[in-house]
Amino acid sequence: MATRIGVDIGGTFTDLVYFDEATGKTVEGKVPTVPSAPEEGVVAAITGHVPQEIIEKAEFFLHGTTVGLNALLERRGSKVGLITTQGFRDVLEIRRGDRAEMYNLFWKQTEPLVPRSLRLEVTGRMLGTGAEYIPLDENTVRAAVAQLIAAKVDAIAVSLINAYANPSHELRVAEIIAEAGFTGGVSLSHKISGEYREYERTSTTCIDAFVRGRMANYLRRLDGKLRELGFKGTSLITRSGSGSMTFAEAEDRPFETIMSGPVGGAQGAAELAKILNIKALVTADVGGTSFDTALVIDGKPQVLFEGVIDNMPIQSPWVDVRSIGSGGGSIAHIDPGGLMRVGPRSAAAVPGPACYGKGGVEPAMTDAAAWLGMLGPGDLASGITLDIAKAKAALDSVGQHIGQDAEHTAAGVMRISSAAMANAMREISLDQGLDPRTMTLLPFGGAGPLMGTLLADELGMNQIIIPPLAGNFSAWGLLGADMVQSTARTRVMDFAPGAAGAINATLTDLFSALETRSAAHADEAVKSARLDLRYKGQEHTLSIEVATQGGALAEAEADILNRFVSEYARTFGGTMNQDVELVSIRANTTVPLPQRQLSYTPKRSDGADDRVMDVYSFERQTRLPFRIIPRGRITGKITGPAIVTEDTTTTYVDADWTITNGSAGEIILERIA
């Protein structure tokens, strides 16, 4: 075990959990996020909840943040120039020629990160075999670099065709950039991605260049403030594909941290699923500005090997987390057709929902919950006490446009929000042929337990697990994020007897590159590998995990092939009478962090009796007496309706549900048959 501190930054609150190795104690805390300077919120969370002796003896600080993601979505990153092969200047705009929303007549493609005036071509070309077809014309490179320097770009992305097969031209371009005196960031596509597909690799390289400066500056500021507080350990940030990496590695590969924020919850859910032996669960992480959902099957979050942000592909391992703009701060409004909508615009941390009393006047989802009584007495984390009168005034400002009073307006806001969240959960489950009615729901985040029974009703689910430290569960998930490195290389070839030799040669190169990248932990790393396979004539692949020993394949090609056929049949319902080919080889190294215990004892209330409040029941569509029960006072089986309170979240339990304690500090909600 090792003492460690985890901090997850959300749009409204910054969540903290620390684990003390000496006592086995886990402590949580929550403070408002500081959007203009996220590191200040981290410092406030640590100084407000972590004793000085814990800060000084902690071995790891683990962090989840949306700084890189927000930089992309808000287009607040570096001014990037692109150097590419002659004829490929417009690949970022041509894309794949498809439409993300086929039937939306008003749909517009996302503007590329690099404008056409800053996308410059150079002469020279490699073949897919790695052979040089046209030598690099260094004069065209010098002219392009000079033009970009004159345009005062902050970063240069270099993406030459087939560089994944032979990077020599890109390496020479990097040398010429340095010779010209350019001091900004330089992103080379072969270092970012070793895979084919020119558009996806170019997009990933430009994203890396775009967020590199902002991410590096943020991590340096944060690390400096941690050292000022007395922290002497290792600073880690979560990767989009699960696991963590050091701050220094994140500065070198910032594109791998784009989904750093939502991943902590998926990691924590996977760990809890193993502890509780849950085969299939779907998460519902409801924060202040967004809703995130992920699947955990057999104790593992579902990982993709390409993600998409704002219609821009990223070639990187990617936990399949679906996000929508729906959270506690999502604002209700009337659309041009006279219908009420909720989100995606959010009140965020500033000014916040109207009921926070910080200047907000527009009705947010939290205002609706407050007016309906779903938040119980209204004493929230960070010393926030709800102002119900301001919540009603905000709801009335929308209700008058649809002819409804505050009660019906608030109920409508909650129904609209839960329907939007349930749709995202249907997409992530039904897309894979999985029925959410047969799964367990795991809600967490500041508003996740609030929405639990509403989401279960929408999806026809019968069991809900409210995890320990539910309000800060993503931060708790960070504490178990092992240090992970990954890389891949495209190698299209027949997958037939004898292929193992070529695969092992490539694995040797890949593991060597990973050892160089994280030399300090090379001796502790556990190696693993995957092969991307497909039937000949197909476009896409299935990624199959393979056994390795000493960095080489430890099983026969025939066994791998049989597993591919079985997985193909499970995924698509049949197989094909075609030969199978290898497309890409993936290598991973994992440095496990010392294990920590899941030890959580909720605070017991000093009150002798439970309180009772009139709260709106969605099952009965009227107000009912709800018991207000501190989480630490749950004993035996309790029948709803009830509201369970704790420091950082509130659980709303409608009528027709029961509440019991679980074996690992969780509480279990089950529908009454």
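Author: The model is a predicted one. Helix H8 is followed by Gly230, and the phi of Gly230 is positive, near 105°. The helix that ends there covers residues 198–229, which makes 32 residues. From its first C-alpha to its last, H8 reaches 45 Å, close to the 46 Å expected at 1.5 Å a residue. H8 also bends, by about 45°, and the bend is at Arg212.

Helix H10 can be described in the same terms. H10 runs over residues 260–276, and its 17 residues should span 24 Å at 1.5 Å a residue. The end C-alpha atoms of H10 are 25 Å apart, which agrees with that expectation. Buried here means under 20% relative accessible area. Because 14 of the 17 residues of H10 are buried, this helix is largely enclosed by the rest of the structure. The residue after H10 is Asn277, and its phi is positive, near 55°.

Earlier in the sequence there is a sheet. Strands of a sheet pair through backbone hydrogen bonds, in either a parallel or an antiparallel sense. In this model, four strands form an open sheet with the order S6-S5-S9-S10, and their pairing is parallel. Its edges are strand S6 (119–122) and strand S10 (185–188), each of which pairs on one side only. On average, neighbouring strands of the sheet are turned by 20° against each other, direction ignored. Strand S9, residues 155–159, pairs with S10 over four bridges in the parallel sense. Within this part of the sheet, Ile156 stands opposite Val186 of S10. Helix H6, residues 168–179, packs on the sheet and touches strand S5 (80–85), S9 and S10. The direction of H6 makes about 160° with that of S9.

One further residue, Thr506, belongs to helix H16, which covers residues 499–517. Thr506 has a relative accessible area of 4% and is therefore buried. Leaving aside residues up to four places away in sequence, Thr506 touches Arg489, Arg491 and Ile585. Pro351 is 155 residues from Thr506 in sequence, and the two are 54 Å apart in space, C-alpha to C-alpha.

Definitions and conventions
Residues are numbered from 1 along each chain as its sequence is written. This is a predicted model: local features need pLDDT of at least 70, side-chain atom pairs count only at pLDDT 80 or more; totals for chains, interfaces and linings use all residues. Side-chain values use heavy atoms; hydrogens and water are left out. Helices (H or I, at least four residues) and strands (E, at least two) are DSSP runs, numbered from the N terminus. The expected span of a helix is 1.5 Å times one less than its number of residues. Buried means under 20% relative accessible area, exposed over 50%, partly exposed in between (1.4 Å probe, protein chains only). Contact means heavy atoms within 4.5 Å. Two strands pair if DSSP finds at least two bridges between them. Axes are lines fitted to C-alpha atoms, for helices over the stretch in contact, and angles run from 0 to 180 degrees between N-to-C directions. The bend at a residue is the angle between axes fitted to the seven residues ending there and the seven starting there.
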